[in-house]
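Cover the overall fold, the sheets, the nonpolar cores and a few individual residues.

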Amino acid sequence: MSIKLVLVAACALIDADGRVLLAERPAGKTMAGLWEFPGGKVEAGERPEETLIREMKEELGIVIREPCLAPLTFASHAYPDFHLLMPLYVCRRWEGIVRAQEGQRLAWVRPNKLRDYKMPPADEPLIAHLMTLL
């Protein structure tokens, strides 16, 4: 039996105060109400960096340039019906003002407060890497 592999790219946007942006999964989506690092599914023929550039524009209304995306770590997590592979990039520079474009709630969170936000199981192990970085 083969399990579906899902590739999702995530981005830790870090502001000038060293806070990390989290987005709440909206009602109607799987794991609604949980907080996550913004990003999305890598489409066919797309590189993870391209995914993040596209998703940050769609979800947050900001423009990110590829040289500003630095790979930090990744999550590999087995959910019941698929396996998630999720590279996490760090981005400290973007153009525009971060605004929720899809009705999702956003929060700028200090690294030592990230564990106060309930996250999907795949996102939780990434917190330690961000706390070490910041």
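The report below goes from the whole chain to single residues.

## Overall build

The model is predicted. The chain contains two helices and seven strands, and along the sequence these elements come in the pattern β-β-β-β-α-β-β-β-α.

The radius of gyration of the chain is 14 Å, which agrees with the value near 14 Å for a compact globule of 134 residues. Along the principal axes, the C-alpha atoms fill a box of roughly 45 × 35 × 30 Å. Of the 134 residues, 45% count as buried. The accessible surface of the chain is about 7,400 Å², and carbon and sulfur atoms make up 53% of that surface. Among contacts in the chain with a separation of 6 or more, 64% are between residues 24 or more positions apart.

Strand β6 covers residues 82–91. Seven of its 10 residues are buried, so β6 is largely enclosed by the rest of the structure.

Strands β1 and β6 pair in the parallel sense, over eight bridges. In this pairing L13 stands opposite C91 in β6. Strand β5, residues 69–78, pairs with β6 in the antiparallel sense over nine bridges. There, A70 stands opposite V90 in β6. Strands β5 and β6 also form a hairpin, with three residues between them.

## The open sheet of three strands

An open sheet has the strand order β3-β2-β7, and its pairing is antiparallel. Strands β3 (35–36) and β7 stand at the edges and have a single partner strand each, so one side of each is left without a neighbour in the sheet.

Strands β2 and β7 run antiparallel and are joined by four bridges. L22 stands opposite A107 in β7.

In soluble globular proteins, nonpolar side chains tend to be buried together. The largest nonpolar core here has 23 residues, and those that touch the most other members are F37, M86 and L130. At least two residues of this core come from each of β1 (4–13), β2 (20–24), β6 (82–91), β7 (106–109) and α2 (126–133). Another core, of 15 residues, lies apart from it; C11, L13, Y89 and C91 are among its members.

What is L130 in contact with, leaving aside its neighbours within four places in sequence? The list is A12, V20, F37, L72, L88, V90 and L114.

## Aromatic pairs

A pair of aromatic rings is described by the distance of the centres and the angle of the planes. The structure holds three aromatic pairs. One of them, W94 with W108, is stacked, at 6.1 Å centre to centre and with 15° between the planes. W94 lies in the loop between β6 and β7 and W108 lies in strand β7, so this pair ties together parts that are 14 residues apart in sequence.

Are these two residues buried or partly exposed? W94 has 22% relative accessibility and counts as partly exposed. W108, at 29% relative accessibility, also counts as partly exposed.

## Two loop residues

R19 is placed in the loop between β1 and β2. With 26% relative accessibility, R19 counts as partly exposed. Not counting residues up to four places away in sequence, R19 touches L13, I14, W108, V109 and R110. The C-alpha atoms of R19 and V109 are separated by 5.0 Å, although the two residues are 90 apart along the chain. W108, one of the residues that R19 touches, is also the stacking partner of W94.

Most residues other than glycine have a negative phi. M31 has a positive value, near 60°, and is a residue other than glycine. M31 is found in the loop between β2 and β3, and at 30% relative accessibility M31 counts as partly exposed.

Methods: Residues numbered from 1 in each chain as written. Predicted model: local features only at pLDDT ≥ 70, side-chain atom pairs only at ≥ 80, totals over all residues. Heavy atoms only, no water. Core = buried A, V, L, I, M, F, W, Y, C linked by side-chain atoms within 4.5 Å. Buried < 20%, exposed > 50% of the residue type's maximum accessible area, 1.4 Å probe, protein only. Contact = heavy atoms within 4.5 Å. Phe/Tyr/Trp six-rings, centres within 6.5 Å; stacked < 30°, edge-to-face > 60°. Pairing = 2+ DSSP bridges. Rg over C-alpha atoms; globule rule 2.2 N^0.38 Å. Areas by Shrake-Rupley, 256 points an atom, 1.4 Å probe, with all protein chains shown as cover.
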